[in-house]
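Here is a short report on one protein model.

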Amino acid sequence: MSEDADAGEDADAAEGTDADGGEEEPELIGELRERLDDVEAALEAAETEDDLDDVEADLDGVESDLDDVELPEEEGEEGDDDEDDGPSPVEELEDRIADLRDGIENARGPYGEDVVDAVSGARSTLSSTRWTEDGVPEVEAAVSAFLEAVGEALDASFEIDGDAETDAEEGSGGALVAALQSVEGAVEDAGLDADEDAETIASLLEAVEELEAGLEDAEEWSDLEVRDQLAAEGYYDVLGHYKDFPVEWSALKEHEMRGNVDMVLLAFDSLQSDYMEEHCLEALERMGRTAATDEAIEEMLGLANRRNHDAIRILGKMRATEAVDTLVEYVEPDNDTKLQKVTLKALGEIGSREAVQPIANHLAAGEADVRPVAARALGLIGDTRAIQPLSETLETDDDDTTRAAAAWALRQIGTREALEIAAEYDDERSFLLQTEAEKAQATLGDEAEPTA
């Protein structure tokens, strides 16, 4: 090697570049990655709050040292289109630190304070609800069972002091509320430790969950009014002798099977519970195109305008072209990736030509986990205008999953041009991409071997 070449390499090293002109990462970046590996392993092995404190302290140290990292600035070349090359090494480490902090938080507890908060929530339900004549004994039984379970866990005694029946009927829940307040005070006084008293805290939280379930099942006046309304609309008329519990769900399943979209929407609007709302939305999604009435689309569009992911999925299953204008706004880069992915899939299922360009834009600019969804959406739409961006993705994208999705999309478009492009990649290292190429070749037949 000549002295001039040696001098050039020395100059590159001094300026923080490699021999090819690329920027070298500071040595500290690699050290911080290794330290984060150690933090992650320590988090997985942590068993106590003290262990988690140590993990957090180590993570604080990594974050502090990361603040000292200075990356060399990259100078853009003339004609450079300033495309985003992805996160920098510092940004990747920052994201990883954030994820580890979330992991530490999730690993902590539960604490005695969590029990107090949960009991307070049940107490609020008691004090704000008026129960029917049939619901009152159900509520009292749920509270009594809870007090007994708490007494066993804390080695204490709790009683309902007063006329629980009258209080519950009037909606004050006075005696029952007072009993729950005494539990809150006892838990606070116990000073439960997340490590030493973990079993006790778990028992108490389980008891609160059973209390909440009992209150949920007990009949309220508002429930009765809604049921009367549903009965008047004929909602329960489909029920036979056998009924699942609750009967609203049993009727919902029957209406779904019969394609009674209006009754599914009636239940969705009338039954104000997360449980029934979830089942109503699932029913509409399974019904798909069958559920695409004007009323159902309008209802789901209202939810989609609030970025409700379930409603967006349902609009896709309905193939609701009315939703395209709303949905294309959600694939913009400033929206979160989960919203982008569910929207891209819905737009693909709807199959509207209007969505081709907004979706194609994601093949070049989208996040790594969004680009494959965009490619598949273009395949579902099947518009030949997508051939060029899909071909460019196959040629230039550095993510094998995205490239395989692009090849799949070209096969779905299915023209000879699209198939020939996909068929060229049969010697790729990626098994997924190679498989898609071979399928394209099989479709073309023996006469369409990919050209060199």
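The mean pLDDT of this predicted model is 84, where pLDDT is the predictor's confidence in each residue, from 0 to 100. At least 70 is reached by 86% of the residues. Residues 1-5 stay under 50, with 2 contacts beyond four places in sequence; contact means heavy atoms within 4.5 Å. Residues 7-22 are also below 50, and this stretch has 11 contacts beyond near neighbours in sequence. Where pLDDT is low, the predicted coordinates should not be read in detail.

Residues are numbered from 1 along each chain as its sequence is written. Local features need pLDDT of at least 70, side-chain atom pairs count only at pLDDT 80 or more, and totals for chains, interfaces and linings use all residues, while side-chain values use heavy atoms, with hydrogens and water left out.

The protein has 23 helices and 0 strands. Both are DSSP runs numbered from the N terminus: helices are H or I of at least four residues, strands are E of at least two. Of the 452 residues, 40% count as buried, meaning under 20% relative accessible area (1.4 Å probe, protein chains only). Among contacts between residues at least 6 apart in sequence, 65% join residues at least 24 apart.

Two helix pairs follow. Axes are lines fitted to C-alpha atoms over the stretch in contact, and angles run from 0 to 180 degrees between N-to-C directions.

| Helix pair | Angle | Axis distance |
|---|---|---|
| Helix 5 (residues 112-128) and helix 9 (residues 198-217) | about 15° | 9 Å |
| Helix 20 (residues 387-396) and helix 21 (residues 400-413) | about 150° | 8 Å |

Take helix 5 and helix 9, at about 15°. That angle makes them roughly parallel (under 35 degrees). Helix 5 passes helix 9 in a left-handed crossing, with the near helix turned anticlockwise from the far one by less than a right angle. The contact residues divide into 11 nonpolar, 2 polar and 2 charged. Nonpolar covers Ala, Val, Leu, Ile, Met, Phe, Trp, Tyr, Cys and Pro; charged covers Asp, Glu, Lys and Arg; the others, Gly among them, are polar.

Now helix 20 and helix 21, at about 150°. That makes them roughly antiparallel (over 145 degrees). Helix 20 passes helix 21 in a left-handed crossing. The contact residues are 8 nonpolar, 2 polar and 1 charged.

Key:
Angles under 35 degrees count as roughly parallel, over 145 as roughly antiparallel, 65 to 115 as roughly perpendicular and the rest as oblique. Buried means under 20% relative accessible area, exposed over 50%, partly exposed in between (1.4 Å probe, protein chains only).
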